[in-house]
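Here are my notes for your first reading of this model. Keep the structure open and check each point as you go.

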Amino acid sequence: MSQETGDAAGGPTGSGRSARVLDEVDRRILDELVRDGRTSVRTLAERIHISRTNAYARVERLLRDGVITGFRAQVAPEAAGLGTSAYMALTIEQNTWREVSAELARVRYVEHVALLSGEHDVLALVRAPDNAALRDVVLDRVQRIAGVLSTRSWLVFEEFDGRQSPWQ
């Protein structure tokens with residue numbers, strides 16, 4: 001069942017342990033850290049109204065269990081010189097996902113890749129400095145990967161992150 005209902009369920013994680021159901025305090029910790037990953041444990045504890053020891057132990061457990069996979073800066077692509085963004089859908093040969101994904105991981109400017117069900121097999125987010133670099137990514141790098149049958153691209157005109165956290 002879902003974590004939202006509080007029912008105990010969960011599939012195995014990569015570590016061989018069963019996934020834990022997140023309680024309200026865990027979800028509040030995640031919400032705060034998603035908003036600001038640089039929040040100190042002291043500030044986190046104050047905002048959530050728990051002890052620093054409890055906050056520290058919970059964050060350590062969330063890291064150990066693989067719920068939190070790291071902390072990173074959020075970069076504004078345009079301000080960082082990546083003014084052209086596009087989603088690229090790929091159709092690939094059956095049973096080539098591992099090889100195609102390994103090659104896509106080496107392509108500069110490919111920010112995110114997902115295996116899909118439906119009309120297309122793969123969706124990739126590309127952030128490039130300009131249209132010429134985007135063209136090179138699509139035509140010179142991605143379409144030449146063994147197993148890629150076709151691509152279709154959509155330019156991104158504007159984007160934003162959702163405002164509602166799933167951890168609230």
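**Notes on salt bridges, pockets and strands**

1. Arg35 and Asp31 sit four residues apart in helix H1, about one turn of the helix. Helices (H or I, at least four residues) and strands (E, at least two) are DSSP runs, numbered from the N terminus. The side chains of Arg35 and Asp31 form a salt bridge, 2.7 Å from N to O. A salt bridge here is a side-chain nitrogen of Lys or Arg within 4 Å of a carboxyl oxygen of Asp or Glu.

2. A word on the basis. This is a predicted model, in which local features need pLDDT of at least 70 and side-chain atom pairs count only at pLDDT 80 or more, while totals for chains, interfaces and linings use all residues. Residues are numbered from 1 along each chain as its sequence is written, and side-chain values use heavy atoms, with hydrogens and water left out.

3. Is Asp31 buried or exposed? Asp31 is buried, at 6% relative accessibility. Arg35 is exposed, with a relative accessible area of 55%. The cut-offs are these: buried is under 20% relative accessible area, exposed is over 50%, and partly exposed lies in between (1.4 Å probe, protein chains only).

4. The salt-bridge count comes to 13. One of them joins the side chains of Arg58 and Asp23, at 3.0 Å from N to O. This pair links distant parts of the chain, 35 residues apart: Arg58 is in helix H3 (residues 52–64), and Asp23 is in the segment before helix H1 (24–35). Arg58 counts as buried at 15% relative accessibility. Asp23 counts as partly exposed at 29%.

5. Arg64 also forms a salt bridge, with Asp65; their closest N and O atoms are 3.9 Å apart. Arg64 is exposed at 54% relative accessibility, and Asp65 is buried at 19%. Elsewhere, salt bridges with shared partners join Asp23, Asp26, Arg58 and Arg61 into one network.

6. Now the pockets. On a 1 Å grid over the protein atoms alone, a pocket is an open set of points with protein on both sides within 12 Å along at least five of seven lines; lining residues have an atom within 4 Å of a point. Volume is the space filled by probe spheres set on the points, which are joined across faces, edges and corners. The largest pocket holds about 1,400 Å³ of space.

7. Which residues lie nearest the centre of the largest pocket? They are Val34, Arg72, Ala73, Gln74 and Asp161, out of 35 lining residues. H1, strand E1 (84–92), strand E2 (110–115) and strand E3 (122–128) each give two or more residues to this lining. H1 gives the largest share, four residues. By class, the lining has 18 nonpolar, seven polar and 10 charged residues. Nonpolar means Ala, Val, Leu, Ile, Met, Phe, Trp, Tyr, Cys and Pro; charged means Asp, Glu, Lys and Arg; the others, Gly among them, are polar.

8. The second largest pocket has about 240 Å³ of space. Its lining has 11 residues, and those closest to its centre are Val34, Gly162, Gln164, Ser165 and Pro166.

9. Finally, the strands. E3 pairs with E1 in the antiparallel sense over seven bridges. E3 also pairs with E2, antiparallel, over five bridges. Two strands pair if DSSP finds at least two bridges between them. Tyr87 stands opposite Leu125 in E3, and Ala114 has Leu123 as its bridge partner in E3. Six of the seven residues of E3 are buried, so E3 is largely enclosed by the rest of the structure.

Conventions: 1 Å grid on protein atoms, 1.4 Å probe; cavity = no way out; pocket = protein on both sides within 12 Å on 5 of 7 lines; lining within 4 Å.
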